[in-house]
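Visitor: I'd like to learn how to read a fold like this one. Could you walk me through it?

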Amino acid sequence: MLLEKTPPVPADARICITLTINGQRRELQVTPWTTLLDLLREKLDLTGTKKGCDHGQCGACTVLVNGTRVNSCLTLAVMKDGAEITTVEGLAGLGDRKGSNALHPIQEAFIEHDAFQCGYCTPGQLCSSVGLMNEGHAHTRDEIREAMSGNICRCGAYTNIVDAIEDVMQGAAR
């Protein structure tokens with residue numbers, strides 16, 4: 001059986017995609033191999049999303065895609081055509097405070113509970129926290145820890161991060 005050879009993709013090939021990023025609809029031309037992380041950081045100057053390991057193991061690049069947490073370093077931008085993307089820069093515009101400049105409750109809780117030290121992992125931790133709450137599967141401290149295990153904090157602020165998430169979840173239940 002002979003396999004047909006696929007012609008190579010030209011280095012300047014571009015695909016038109018439409019994304020709603022932090023509430024703003026954007027039509028973009030991207031190469032097929034551009035990751036969502038590189039699109040956000042390098043093309044759109046949304047540098048809050050961090051490039052950590054670039055292998056999907058640290059969670060620093062976590063963003064929300066249609067409300068679900070995603071490692072943007074492992075996601076090709078073309079795969080998310082038509083999606084709604086929320087980065088750390090857009091968290092303040094979510095929920096009850098939509099359209100205001102007020103911080104998202106999880107951002108306020110991270111400040112209150114000192115849930116960050118160097119801050120490098122914080123954008124991914126924040127987006128992952130919102131995704132965790134959207135999923136609705138974590139109800140106990142152990143479940144929160146397990147659900148957040150894909151986000152590494154080299155400074156060791158885990159207890160404070162769990163405290164912040166738990167505080168917001170309990171506040172939402174009231």
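Predicted model: local features only at pLDDT ≥ 70, side-chain atom pairs only at ≥ 80, totals over all residues.

Visitor: Which residue in E4 is the bridge partner of Leu64?

Guide: That's Arg69. Leu64 also has a bridge partner in E5, namely Thr86. E3 and E5 are antiparallel as well, joined by two bridges.

Visitor: How many residues sit between the strands in the hairpin of E3 and E4?

Guide: Two, and Asn66 in this hairpin has a positive phi near 55°.

Visitor: Where does the parallel pairing come in?

Guide: Look at strand E1 (residues 15-21) and strand E5 (residues 84-86): they run parallel, with two bridges between them. Thr20 is the residue opposite Glu84 in E5.

Visitor: Are the side chains of E3 buried or exposed?

Guide: Follow which way they point. Thr62 and Leu64 go one way, Val63 and Val65 go the other, and all of them are buried.

Visitor: How should I read a helix, then?

Guide: Here's the general idea: an α-helix has 3.6 residues a turn, so residues three or four places apart point the same way. Now take helix H1 (residues 36-43), whose buried residues are Leu36, Leu37, Leu39 and Leu40. Their cover includes E1, E2, E3 and E5. Just after H1 comes Asp45, with a positive phi of about 60°.

Visitor: Why does Gln107 count as buried?

Guide: Burial here means under 20% relative accessible area. Gln107 counts as buried because its relative accessibility is 13%. This residue is found in helix H2 (residues 105-112).

Visitor: What is Gln107 in contact with, leaving aside neighbours within four places in sequence?

Guide: Val88, Leu91, Ala92 and Leu126. There's a polar atom to look for too: one in the side chain of Gln107 lies 2.8 Å from the backbone nitrogen of His104.

Key:
Residues numbered from 1 in each chain as written. Heavy atoms only, no water. Pairing = 2+ DSSP bridges. Helix = DSSP H or I, 4+ residues; strand = E, 2+ residues; numbered from the N terminus. Buried < 20%, exposed > 50% of the residue type's maximum accessible area, 1.4 Å probe, protein only. Contact = heavy atoms within 4.5 Å. Polar contact = N/O pair within 3.5 Å; in protein donor to acceptor, adjacent residues only side chain to side chain.
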